[in-house]
Amino acid sequence: MSILTLARQLKHAAFVAHKRNEKRVTDIWDDLLRVRAAHTHYTFDVDSHRDRYGELPRQYFLHRSAPQGPSSKEVPDLRVFCFWTGDNDLPPARVEGLDAMRQMIGVPVELITPEKLPAWVVEGHPLHPMYSQLSYVHRSDYLRAYFMAHHGGGYSDIKQPTHYWRTAWTHFQDPEAWAVGYPERSSRACGGDDHTRLGQDIHRNFPRLIGLGAFIMRRGTPFAQEWLREIDRRLDYYAGELEQHPGGIWGEEPGYPLRWVEIGSDVFHPLQLKHLSHIRQDGDVLPELASHR
């Protein structure tokens, strides 16, 4: 073995060890945050997120009131939406996940493909003009908000489920319940820039939040309306760049302006802080989160 090869192997081993130690430290910190959340109460405060100059972060939006629109008090329909936004076939792992959902969760599963999508677009509420410029992944992020604003019901990534879902609908017997989902798994899974006070608040309070990978919502709640409006606002901001640099499948195309979580967890998690009294956790909604490509 050459000295260069040995050096590369040692460097890689050191990198792996560092990452493992880093993960262990984060896991310990997350456990402490879970204990803290179980014994304290959280109150949302816009002003606590200002910087030392009294300014809110550039992408801050929680100070805006909910748009005026119909908000359903009815229990969400017993159905779960999944989205496949590209023109390629579902890979085998996704097909297996979809089949497992239909067999296990106990409610109808509706796979929305590009061919089916127009039938679900509500008259007078078209998709954002930049929708077709988004990466396939970001199209899914957009559709989650659009469907919860206009249709309600369940959503899941196309992954193997872990439990029967139907009983999770009982949370909506409480008229103050707007959204039900699995407890967020880690501070690492949350959106929000940890260099801002908002990001720090999100990460410190992750045990109170639900995950973006699967949930159930009432149609048109203030949460759902604000969620969609904020995504629309961000797409308006990036419209010129999106016209020139569409996202492809993963958003890997040169010049594509959206970060991976910018219209996903960066909107979904902060809104939960604002509307936390209307969020309910239920572990039955948790899908398998391991690799599925």
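This is a predicted model: local features need pLDDT of at least 70, side-chain atom pairs count only at pLDDT 80 or more; totals for chains, interfaces and linings use all residues.
Me: What about Phe206, and which residues does Phe206 contact beyond its neighbours within four places in sequence?

Reply: Phe206 likewise lies in the loop between helix 4 and strand 5, and because its relative accessible area is 0%, Phe206 counts as buried. Beyond the neighbours within four places, its contacts are Asp30, Leu33, Arg34, Glu184, Arg185, Ser186, Ser187 and Cys190. The C-alpha atom of Phe206 is separated by 8.5 Å from that of His269, although the two residues stand 63 apart along the chain.

Me: How many disulfides does the structure hold?

Reply: A disulfide is a covalent bond that joins the sulfur atoms of two cysteines. In this structure there are 0 disulfides. As for individual cysteines, Cys82 counts as buried because its relative accessibility is 0%, and Cys190 counts as buried at 9%.

Me: How many salt bridges are there, and how should I read one of them?

Reply: Side chains of opposite charge can pair when their charged atoms come close. The structure holds 14 salt bridges. One of them joins the side chains of Asp77 and Arg79, with 3.5 Å from N to O, and Asp77 counts as partly exposed at 41% relative accessibility.

Me: Why are Arg144 and Asp141 separated by about one helical turn?

Reply: The general idea is that an α-helix has 3.6 residues a turn, so residues three or four places apart point the same way. Here Arg144 and Asp141 are 3 residues apart in helix 3 (residues 136-150), which means that about one helical turn separates them. Their side chains meet in a salt bridge of 3.4 Å, N to O. Arg144 is buried, with a relative accessible area of 8%, and Asp141 is buried too, at 7%. Both also belong to a network of salt bridges that links Asp141, Arg144, Asp157 and Lys159.

Me: In which helix do Glu230 and Arg234 both lie, and how far apart are their closest N and O atoms?

Reply: Glu230 and Arg234 both lie in helix 5 (residues 222-237), where they are 4 residues apart, about one turn of the helix. They form a salt bridge in which the closest N and O atoms are 2.7 Å apart. Glu230 is buried, with a relative accessible area of 3%, and Arg234 is buried at 4%.

Me: Can we take a whole element next: why is helix 7 described as largely enclosed by the rest of the structure?

Reply: In helix 7 (residues 265-274) 9 of the 10 residues are buried, so the helix is largely enclosed by the rest of the structure. Among these buried residues are Phe268, His269 and Leu273. What covers the buried residues of helix 7 includes helix 4, strand 5, helix 5 and strand 6 (279-281).

Me: Finally, how many helices and strands does the protein chain have, and what can be said of the chain as a whole?

Reply: The protein chain has 7 helices and 6 strands, and from the N terminus on they run α-β-α-β-α-β-β-α-β-α-α-α-β. Of its 293 residues, 47% count as buried. Among contacts between residues at least 6 apart in sequence, 81% join residues at least 24 apart. The chain exposes about 15200 Å², and carbon and sulfur atoms supply 54% of that area.

Technical notes: Residues are numbered from 1 along each chain as its sequence is written. Side-chain values use heavy atoms; hydrogens and water are left out. A disulfide is a pair of cysteine sulfur atoms within 2.5 Å. Buried means under 20% relative accessible area, exposed over 50%, partly exposed in between (1.4 Å probe, protein chains only). Helices (H or I, at least four residues) and strands (E, at least two) are DSSP runs, numbered from the N terminus. Contact means heavy atoms within 4.5 Å. A salt bridge is a side-chain nitrogen of Lys or Arg within 4 Å of a carboxyl oxygen of Asp or Glu. Accessible areas come from the Shrake-Rupley method with a 1.4 Å probe; for residues, only the protein chains shown count as cover.
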